[in-house]
Amino acid sequence: DYTLPWKGSVWKSGRQIRPFYDLPLKTSLLPAHSAMTVPTFSRTTTGTVVDFEGIIHTAKINEARFQGARRIEDLVDGVKYFNTDSAGKKIPNAILRGYLNEPQGTNLVEYSEDYSQTPHWDGSNTTIATNQTIAPDGTLTADKISFASASPTSYIYQSMARTISIGDIYTISAYTKTSDRILAFGGATPAGTDVYSIRNVENGWYRQIITRTFTASGSVIQHLFSSSIGSVGVSEHFIWGSQTEESSFPTSYIKTEASTITRTADSLTVDNSDRDVLPNSFALAGTWTPLGNGGDYDNSDLRLFDTQDSRGDAYEITVIGGTDYGYAAGTGGGVFTVKKADLIKGTENKYAFQVFQDGSDVNAKIYKDGVEKLSETETQTLDHSNESLELGTVFASNIKDIKIYNKKLTDSQLKVVTS
């Protein structure tokens, strides 16, 4: 049996598994019950978010973003997100990706939507006509690039001064109304290993993406459109939204004009001062969709959740990445490790992390997608943070839900909550 503080009742074993704290994150930050603690969100700049129709919206300062939902903004109610379209039809669950959590990012391209701006953009045998068709954000701001020649090559590019070292990773991306490859790193960019991908982002638009791991050092990166990359020759294409960032995968679009623009990090925290969110012994289950593959993240960037404690790291409960699953006991907290190779870009992952005091020992378990990944026992007395719980932290991902249980879940129950 266990008590729900917000219901004042006891649920018998064998009945429905009820979370102690329940945070659906498909369209809002509101917990499942009004008596539960509401999280605090902050981001000190604007951001962008893609809705269920593939349209990019600009999110306000301190506006949490919910990817795949319908976003409405009006003077009376402000900004709201919905899980239905305007006709009341439910948006498919696969499209509702949930709360978007991103670390800080900077778009190094200047004039990301206006390719007529010189000397920012330069080129040869190419004509730019501005504001020719509807862009992915629903505005008439997409430009038309006309390649006049296949040989010599037609191209436009932008050079960005950077100090590049061997092993650095950068990603360039742009929206194109063609699936033909026309995007590349320019020839003045230091050599490296490229990974190219293309995403259909609806309404006839694609996002072309190239990630380069540098094998040589240098001082410049070039963002290039060219007629010779995919052998498109003499042709016309619509382009919009160029982005260059120091990242191993593309993040949400950041609009720029005469200078580079930084999107600050998302921060989602829950006050735990009364331990009414995360008790000492708990099971925390949730659904995360990484924006990159596990190998794209540093180990410390895979913190699916984290507590903060003024006594120091040994009293915090957190998650990091590694080569295998694990749990390392601290003085009063501990560190879960998730296997990085099991995290696939764009794939939902349902995890459960459980630590429960059993006499002088703590039993730690990890379940992923209905399968036990870790079960071990450590001699430890749990005394972790009761200050705040951070969700997502620096882990670039979508989070669809978080559920916390103050009852030790059986293996069957852990399988259910992660299936």
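1. Strand β5 supplies the largest share of the lining of the largest pocket, namely three residues, where a strand is a DSSP run of E with at least two residues, numbered from the N terminus. The structure is a predicted model, in which local features need pLDDT of at least 70 and side-chain atom pairs count only at pLDDT 80 or more, whereas totals for chains, interfaces and linings use all residues. Residues are numbered from 1 along each chain as its sequence is written, and side-chain values use heavy atoms, with hydrogens and water left out.

2. The largest pocket holds about 800 Å³ of space, and its lining comprises 32 residues, with Val-50, Gln-67, Arg-97, Arg-199 and Val-201 lying nearest its centre. A pocket here is an open set of points on a 1 Å grid over the protein atoms alone where a 1.4 Å probe fits, with protein on both sides within 12 Å along at least five of seven lines, and lining residues have an atom within 4 Å of a point; the volume is the space filled by probe spheres set on the points, which are joined across faces, edges and corners. At least two lining residues come from each of β5 (47-50), β18 (192-200) and β24 (282-290). By class the lining has 14 nonpolar, ten polar and eight charged residues, where Ala, Val, Leu, Ile, Met, Phe, Trp, Tyr, Cys and Pro count as nonpolar, Asp, Glu, Lys and Arg as charged, and the others, Gly among them, as polar.

3. For the second largest pocket the volume is about 480 Å³. Its lining has 21 residues, and Glu-246, Ser-247, Ser-248, Asp-296 and Asp-301 lie nearest the centre; the division by class is seven nonpolar, seven polar and seven charged.

4. Strand β24 deserves a separate comment. Nine of its nine residues are buried, so the strand is largely enclosed by the rest of the structure; buried means under 20% relative accessible area, exposed over 50%, and partly exposed in between, with a 1.4 Å probe and protein chains only. In a regular strand the side chains alternate between the two faces of the sheet. In β24, Phe-282, Leu-284, Gly-286, Trp-288 and Pro-290 point one way, while Ala-283, Ala-285, Thr-287 and Thr-289 point the other way.

5. On pairing, which requires that DSSP finds at least two bridges between two strands, β24 runs antiparallel to β29 (residues 349-358) over seven bridges, with Ala-283 opposite Gln-354. Strand β24 is also joined to β33 (residues 397-405) by eight bridges, again antiparallel, and here Ala-285 stands opposite Lys-403.

6. Strand β28 (residues 334-339) pairs with β26 (residues 317-322) in the parallel sense over six bridges, and with β27 (residues 326-329) in the antiparallel sense over four. Thr-337 of β28 stands opposite Ile-320 and is also the bridge partner of Gly-326. A hairpin of four residues connects β27 to β28.

7. There are 21 aromatic pairs, counted when ring centres of Phe, Tyr and Trp (its six-membered ring) lie within 6.5 Å, with planes under 30 degrees apart taken as stacked, over 60 as edge-to-face and the rest as tilted. Phe-41 and Tyr-99 form an edge-to-face pair, 6.0 Å centre to centre with 85° between the planes. Phe-41 lies in β4 (residues 40-42) and Tyr-99 in β10 (residues 98-101), so the pair ties together parts that are 58 residues apart in sequence. Both Phe-41 and Tyr-99 are buried.
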